[in-house]
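Please go through the model below with the sequence alongside.

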Amino acid sequence: MVVKINENYLKLKSSYLFVEVARREQEFIKNNPDANVIKMGIGDVTKPLVPAVIDAFRNAVEEMADGETFMGYGPEQGYEFLAEAIIKNDYETYGVSLDTSEVFISDGAKCDTGNIQEIFGIGNKIAVTDPVYTVYVDTNVMAGRTGEMGEDGMYEGLTYLKCNAENGFVPELPDEPVDIIYLCYPNNPTGTTLTKDQLKVFVDYAKENKALILFDAAYEVFINEDNVPHTIYEIEGAKEVAIEFKSFSKTAGFTGTRCAYTVVPKELKGFTEDGEEVEINPLWNRRQTTKFNGVSYPVQRAAEAVYSPDGKKQIMEVVDYYMENAKIIRESLTDMGLEVYGGVSSPYIWVKTPNNMDSWDFFDILLNDANVVGTPGSGFGPSGEGYLRLTAFNTLENTLEAMDRISKLEF
């Protein structure tokens with residue numbers, strides 16, 4: 001007997017995008033130790049946790065040091081106090097009512113968007129936007145829902161919904177029947193948004209075709225446009241067809257602290273092979289209680305503080321700081337004559353490479369000649385070729401310096 005591997009992993013033709021970005025970055029730094037590299041590629045934040053969050057974190061840690069207030073295993077789904085704060089602030093504000101049993105606290109939206117596919121049958125037809133956050137694709141490849149990657153960079157068996165300048169980065173409805181559609185808005189990587197009417201088209205499609213939408217709203221806090229929904233549940237009927245993912249990573253600087261949540265409404269149904277209707281909420285509950293031990297008590301208390309009056313004020317100051325960076329990047333690149341998208345209701349800026357340059361070639365020029373790290377658009381899918389993503393999460397000083405360096409390049 002020999003150990004058999006999951007051969008679906010062998011279908012992953014290239015290393016995880018951000019691993020390759022980091023590899024090239026580290027190789028450059030090794031060969032150029034005196035270079036001041038400005039990182040605007042991976043979407044990690046630079047501002048520290050705000051005082052209200054730190055105070056709550058410290059107080060919870062102190063509770064853990066006292067036998068009277070010590071907390072052991074918590075509920076795998078998350079503490080009620082955090083779920084209640086989430087519902088009150090992130091949903092009731094927009095006229096959406098939820099029960100705490102529909103909110104599942106986790107350690108990251110990346111984990112949840114990857115893990116959620118476990119509760120759905122292997123035969124489901126998956127649709128993703130193109131370009132796309134790579135986790136949606138790779139986890140379905142790992143699960144065996146696709147064939148091999150073709151020469152066009154697309155996996156056999158996946159339905160790709162193109163998002164490009166020609167269609168205003170608004171994906172068209174699938175031209176073939178699909179069961180599950182991944183949507184991320186404000187979008188990673190393009191930084192673009194969908195209006196309520198544009199999102200309603202997908203909700204209506206899902207209702208008519210008994211399909212499911214997996215809606216990643218990790219960047220909701222950055223929305224600055226009135227007609228852009230803060231939750232998919234603002235759209236009538238969405239509770240019947242959508243699971244929503246949100247995160248404290250970019251909202252409140254929890255990239256190193258790890259806290260997020262997923263909403264699975266009770267109205268949401270799936271079907272067995274025999275056509276029997278099944279409620280999806282208990283399936284995700286079972287998955288989490290079996291495979292996840294929950295987010296630590298101090299972290300959940302820290303996340304709760306995000307919704308305190310001081311927390312809200314302090315966090316919006318940080319959000320405004322990043323969005324000022326986004327404005328600087330967007331306007332600076334536009335002034336250089338480059339074609340730029342995003343950066344209005346998103347911390348991501350999607351820039352067309354000059355002279356139809358290859359994405360990785362543009363990445364290398366920025367790294368070698370300006371010492372600025374971006375993320376090649378081709379790493380997000382075939383329609384990302386010819387683009388590069390920059391993030392607004394660095395410091396204001398570094399953002400200004402990066403734009404100054406790029407402005408001096410000749411393309």
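Which residues are exposed on the other side of helix 8? Arg286 and Thr290 are exposed there. Exposed means over 50% relative accessible area, buried under 20%, and partly exposed in between, with a 1.4 Å probe and protein chains only. Helices (H or I, at least four residues) and strands (E, at least two) are DSSP runs numbered from the N terminus. The model is predicted, so local features need pLDDT of at least 70 and side-chain atom pairs count only at pLDDT 80 or more, while totals for chains, interfaces and linings use all residues. Residues are numbered from 1 along each chain as its sequence is written, and side-chain values use heavy atoms, with hydrogens and water left out.

Helix 8 covers residues 281-291, and its residues Asn281, Trp284, Arg287 and Gln288 are buried. Seen down the helix axis, these buried residues fall within an arc of 130 degrees, so they line one face of helix 8; the arc is taken over the directions from the helix axis to the C-beta atoms. An α-helix has 3.6 residues a turn, so residues three or four places apart point the same way. The buried residues of helix 8 pack against strand 2 (103-106), helix 4 (109-115), strand 8 and strand 10 (277-279).

Two strands pair if DSSP finds at least two bridges between them.

Strand 7 pairs with strand 6 (residues 212-216) in the parallel sense over four bridges, and Leu214 stands opposite Ile243. With strand 8 (residues 260-263) the pairing is antiparallel, again over four bridges. Across that pairing, Phe245 stands opposite Thr262 and Lys246 opposite Tyr261.

Ile243 is also among the residues with the most contacts inside the largest nonpolar core, together with Phe248, Phe254 and Leu333. This core has 129 residues, a nonpolar core being a set of buried Ala, Val, Leu, Ile, Met, Phe, Trp, Tyr and Cys residues joined through side-chain atoms within 4.5 Å. Helix 10 (residues 309-335) gives the largest share, nine residues. Leaving aside neighbours within four places in sequence, Phe248 is in contact (heavy atoms within 4.5 Å) with residues including Leu82, Phe254, Cys259 and Tyr307.

How many disulfides does the model have? The count is zero, a disulfide being a pair of cysteine sulfur atoms within 2.5 Å. For Cys111, the nearest cysteine sulfur is that of Cys259, 11 Å away. Cys111 is partly exposed, at 29% relative accessibility. Cys184 is buried, with a relative accessible area of 3%, and its sulfur is 11 Å from that of Cys163, the closest, which is too far for a bond.
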